[in-house]
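The following paragraphs lead the reader through a single protein model. Please keep the sequence and the structure in view while reading.

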Amino acid sequence: MSEPDISAAQAMAIGSRLAGAPVAAAQPARSGGNNRVFRLEMAKGPALALKHYPSDGRDRLGQEYDALSFLSRHGIMSTPRPIAKDSDAFCALYQWFDGEAAVLRPDDGDADQLADFLIELQKLRSVVGAQTLRNASASIFSPEEAIAQYEQRLDGLMRASDDHPDLRAFIDGSLVPSTSLAIRKLRLRYAELGRDPAADLAPAHRALSPSDFGLHNALRGEDGRLRFIDFEYFGWDDPVKLVSDTALHPGSDLPEAKANRFTERLTQAFAVRDDAFAVRHDVLYPVFGAIWCLIVLNAYLPESRSRRALAAQGGDLTIRLAGQLDKARRLHQAICQRDPDLSPR
């Protein structure tokens with residue numbers, strides 16, 4: 001059961017208490033599916049951000065606050081500095097970043113800025129406090145875990161597709177056949193290498209990952225530099241998942257050339273300490289791509305958050321669902337174009 005949303009007046013009161021200083025005004029800044037952010041105008045000093053985390057059974061407040069505290073302690077300046085939190089009120093206070101959402105007007109250098117940030121994070125893998133960080137949300141440490149996540153998501157969507165013939169046709173005619181080929185290729189490649197696809201990735205080869213990350217998490221400052229927000233899912237993960245997810249994320253909508261540039265830079269960085277990284281990326285990328293197709297289609301699930309978000313936007317839900325299906329088709333087509341062997345014959 002989610003906690004009720006908070007008003008601007010409540011945000012002012014909580015913010016004043018956490019900051020230890022009076023708040024002059026609170027303006028709703030943005031509302032996501034999981035939280036709400038207020039821009040607090042302080043009576044004195046710079047504006048602050050108050051973030052409210054409705055309870056959904058996970059400690060998203062704790063995960064984000066711990067992550068940003070860790071990054072701040074170790075000199076990362078492109079993420080908000082945490083100031084105070086009140087777990088009972090489901091709120092935390094952070095440094096406020098001015099800027100425009102980068103995804104609205106992408107620049108040529110954005111893929112490189114994303115890559116720079118993620119490479120910088122990996123320099124903190126062995127610093128004090130890193131080993132006590134949690135795993136990233138939906139983290140995956142073996143190929144079989146990735147396959148299991150795909151199958152779990154597929155099962156739920158298959159049940160929902162009974163009432164949607166176009167959705168069922170895409171799943172049965174395109175997504176499942178190509179992903180079955182990808183899984184077969186993955187297991188064969190691992191057998192050729194004498195590796196167990198069920199074995200966990202060694203800790204030395206894991207990455208610090210913001211998870212669910214991309215340009216939709218970036219604000220562009222007046223200096224053109226990106227600042228990064230939303231670290232509720234931050235933690236340890238397979239770097240192949242980090243690279244694949246960031247390149248594929250529909251929220252960023254990176255053009256193919258930019259996504260390839262991003263992938264090349266991260267592959268070079270991770271391959272330095274993991275000589276199997278490129279092989280693992282090659283065989284796992286289409287599985288993560290299939291998972292993203294299913295995530296895009298979550299709106300078809302009757303109780304999904306994405307379905308509620310589409311309904312809240314108004315208009316014909318059927319048309320909006322068809323838009324999500326078209327988006328999944330285009331993503332799937334791009335994945336198959338990258339590896340023509342996955343196109344069902």
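Two strands are said to pair if DSSP finds at least two bridges between them. Helices (H or I, at least four residues) and strands (E, at least two) are DSSP runs, numbered from the N terminus. This is a predicted model, in which local features need pLDDT of at least 70 and side-chain atom pairs count only at pLDDT 80 or more, while totals for chains, interfaces and linings use all residues. Residues are numbered from 1 along each chain as its sequence is written, and side-chain values use heavy atoms, with hydrogens and water left out.

Strand 2 (residues 36-42) pairs with strand 3 (residues 48-52) in the antiparallel sense, over 5 bridges. Within this pairing, Leu-40 has Leu-48 of strand 3 as its bridge partner. The two strands, strand 2 and strand 3, form a hairpin with 5 residues between them. In the turn, Gly-45 has a positive phi of about 95 degrees.

Most residues other than glycine have a negative phi. Against this background, two residues deserve attention. Phe-90 is not a glycine, although its phi is positive, at about 60 degrees. Phe-90 lies in the loop between strand 4 (82-86) and strand 5 (91-95). Ser-211 is not a glycine either, and has a positive phi of about 60 degrees. Its position is in the loop between strand 7 (207-209) and strand 8 (218-220).

Phe-90 is partly exposed because its relative accessible area is 23%, whereas Ser-211, at 8%, is buried.

The interior comes next. A nonpolar core is a set of buried Ala, Val, Leu, Ile, Met, Phe, Trp, Tyr and Cys residues joined through side-chain atoms within 4.5 Å. The largest such core has 76 residues, of which Leu-71 and Phe-262 touch the most other members. Helix 8 (residues 277-296) gives the most to this core, with 12 residues. A second, separate core of 15 residues includes Ile-6, Val-23, Ala-89 and Leu-93.

Contact means heavy atoms within 4.5 Å. Not counting residues up to four places away in sequence, Phe-262 touches several residues, among them Ala-111, Leu-114 and Val-243.

Finally, Glu-144 is found in helix 4 (residues 143-160). Leaving aside neighbours within four places in sequence, Glu-144 is in contact with Arg-187, Pro-197 and Ala-198.

Methods: Buried < 20%, exposed > 50% of the residue type's maximum accessible area, 1.4 Å probe, protein only.
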